[in-house]
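Keep the viewer open and follow along as we go.

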Amino acid sequence: MQYIDNVIFLILLVAGFGLFAKSLKELYRNIKLGREINRTDRRSERWAIMTRVALGQSKMVKRPIAGILHIFVYVGFVIINIELLEIIIDGIFGTHRFLQSILGDSVYSFFTGALEVLAALVVLAVVVFFIRRNFYGVKRLTMKELFGWPKQDANWILIIEFSLMVAFFTMNGADYYSDSARFGSNFPISKYLFPFFQNFSLETLHIIEKSAWWFHFVGILFFMNYLYYSKHLHIILAFPNTWFANLEKKGKFNNLDSVTKEIKLMMDPNADPYAAPAEGETEVPAKFGAEDIFDLNQHQLMSAYSCTECGRCTSVCPANITGKKLSPRLIMMKTRDRLEEVGKNLNKNGGKFVDDGKKLLNDYITKEELWACTTCNACVEACPVLIDPLSIIFEMRRFLVMEQSAAPTELNLMMTNVENNAAPWQYNQADRLNWANDN
Ligand code: SF4
Ligand code: SF4
């Protein structure tokens with residue numbers, strides 16, 4: 001019987017990690033669909049930012065209550081999963097609490113005690129988050145754009161985390177009551193949670209312990225594989241996303257070398273239009289701006305997968321606040337939706353993309369949304385994982401203006417004026433000082 005258990009365990013373990021590896025491979029392939037971008041400069045600064053923002057969650061605590069609870073969940077959940085190591089060893093070799101024999105009673109006692117305290121904090125945080133998300137009415141968490149799958153996803157992950165913690169306590173509680181002499185006070189919380197266990201027979205307690213152990217193990221594998229389909233992918237991607245973040249000053253215009261060169265040629269009568277490109281100067285791009293996900297860069301695509309759908313960006317967006325049809329969170333969610341659609345297309349067609357007649361522009365993100373943006377950068381500043389929704393808006397606007405000449409009328413008028421009058425206004429340069437005339 002023990003032998004069968006070990007075999008089943010091994011099969012589940014290999015299948016769980018195998019599926020997860022397959023998802024990671026697909027994720028990597030999808031991100032690589034974007035344009036290459038070189039963000040490997042200023043490495044020490046990048047490590048520091050990643051440590052501070054992704055690991056230290058420095059931007060999360062700007063909203064302290066949510067930030068601290070999020071740290072409980074994050075730290076608690078990650079550390080508790082160290083226990084997975086013990087589960088794997090016990091599962092493969094049929095041992096019971098293997099680490100106790102390695103660490104000794106007192107260190108192991110401290111270890112399990114600390115895990116229980118962390119697990120209690122995780123339970124506290126997920127319960128508060130669930131109430132806050134579903135009953136408390138925080139505006140950014142109850143907006144229409146989250147109806148359907150995004151809301152279900154957020155709730156499912158809280159339910160899974162809660163269930164895993166309950167299984168963890170149940171397993172410990174059953175162990176405590178079946179062999180309290182051995183486990184002493186190893187389990188400072190679970191020993192009080194299940195006082196009725198003391199009435200159960202040893203056999204029943206072993207069944208409860210084993211069932212909770214299996215539930216915990218299968219639950220962790222399920223959680224790991226669920227990540228790829230969930231906004232909770234940020235647990236992993238927050239790290240590379242912050243490392244590869246744009247380190248330039250916010251608002252710095254991303255000029256195209258080829259366009260700058262054209263303008264310089266126009267302004268300089270002595271310029272040689274046939275001069276060889278200067279060192280480091282990029283070629284004229286095949287397409288200006290972005291119409292679909294293939295035109296965005298790889299960091300923008302990674303950001304779409306990293307978005308936590310927290311809505312901090314949307315809650316500070318002046319366009320959204322004043323009722324315009326723009327939500328920076330939705331820009332990221334739609335980019336991910338389109339990216340996932342392209343990914344499925346690749347899977348279906350043996351890795352080759354077959355034109356589906358759709359584009360990110362218009363089929364997912366409308367012109368109205370794009371032109372509602374004031375380019376204020378408030379969303380970029382607010383994002384806890386250094387996502388830049390504005391950069392996507394900006395590239396899509398660039399496509400509309402430079403590839404389709406489809407800027408709004410007011411903007412076209414302004415650009416014509418700049419071209420003809422060297423000023424945004426609709427009158428001749430010679431008339432500029434007319435305002436100073438007496439009549
Ligand atoms: S940059 Fe655009 S999308 Fe971002 S907050 Fe400002 S107006 Fe909103
Ligand atoms: S872009 Fe950033 S701030 Fe906006 S919803 Fe996603 S993670 Fe939150």
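**Around tyrosine 364**

Leaving aside residues up to four places away in sequence, tyrosine 364 touches Lys334, Asp337, Arg338, Glu341, Lys359 and Glu369, where contact means heavy atoms within 4.5 Å. This is a predicted model, in which local features need pLDDT of at least 70 and side-chain atom pairs count only at pLDDT 80 or more, while totals for chains, interfaces and linings use all residues. Residues are numbered from 1 along each chain as its sequence is written, chains are lettered from A and ligands numbered from 1 in the order in which they are written, and side-chain values use heavy atoms, with hydrogens and water left out.

You will find tyrosine 364 in the loop between helix H17 (360-363) and helix H18 (367-371); helices here are DSSP runs (H or I, at least four residues), numbered from the N terminus. Tyrosine 364 is buried, at a relative accessible area of 18% (buried is under 20%, exposed over 50%, partly exposed in between, with a 1.4 Å probe and protein chains only).

Which charged partners does glutamate 341 have? One is arginine 338, in a salt bridge of 2.7 Å, N to O; the term stands for a side-chain nitrogen of Lys or Arg within 4 Å of a carboxyl oxygen of Asp or Glu. Both residues lie in helix H16 (residues 328-348), three residues apart, about one turn of the helix. Arginine 338 is buried, with a relative accessible area of 0%. Lysine 358 also meets glutamate 341 in a salt bridge, at 2.8 Å. That pair links distant parts of the chain, since lysine 358 sits in the loop between H16 and H17, 17 residues from glutamate 341. Lysine 358 is partly exposed at 32%. Asp292, Arg338, Glu341, Asp356 and Lys358 are linked in a network of salt bridges.

Now step back to the whole chain. The domain assignment, automatic or from a database, gives domain 1 (4-31 + 63-235) and domain 2 (257-421). The contact between them takes 20 residues from domain 1 and 25 residues from domain 2. Together the domains bury about 1900 Å², 50% of it on carbon and sulfur atoms; buried area is the accessible area (1.4 Å probe) that two parts lose on being put together, summed over both. Ile31, Arg140 and Glu145 supply 32% of what domain 1 buries against domain 2, more than any other three residues.

How many salt bridges cross this interface? The rule finds one. Glutamate 145 pairs with arginine 329, their closest N and O atoms being 2.6 Å apart. Helix H1 (residues 2-31) gives the most to the domain 1 side, with five residues.

Terms used: Helix = DSSP H or I, 4+ residues; strand = E, 2+ residues; numbered from the N terminus.
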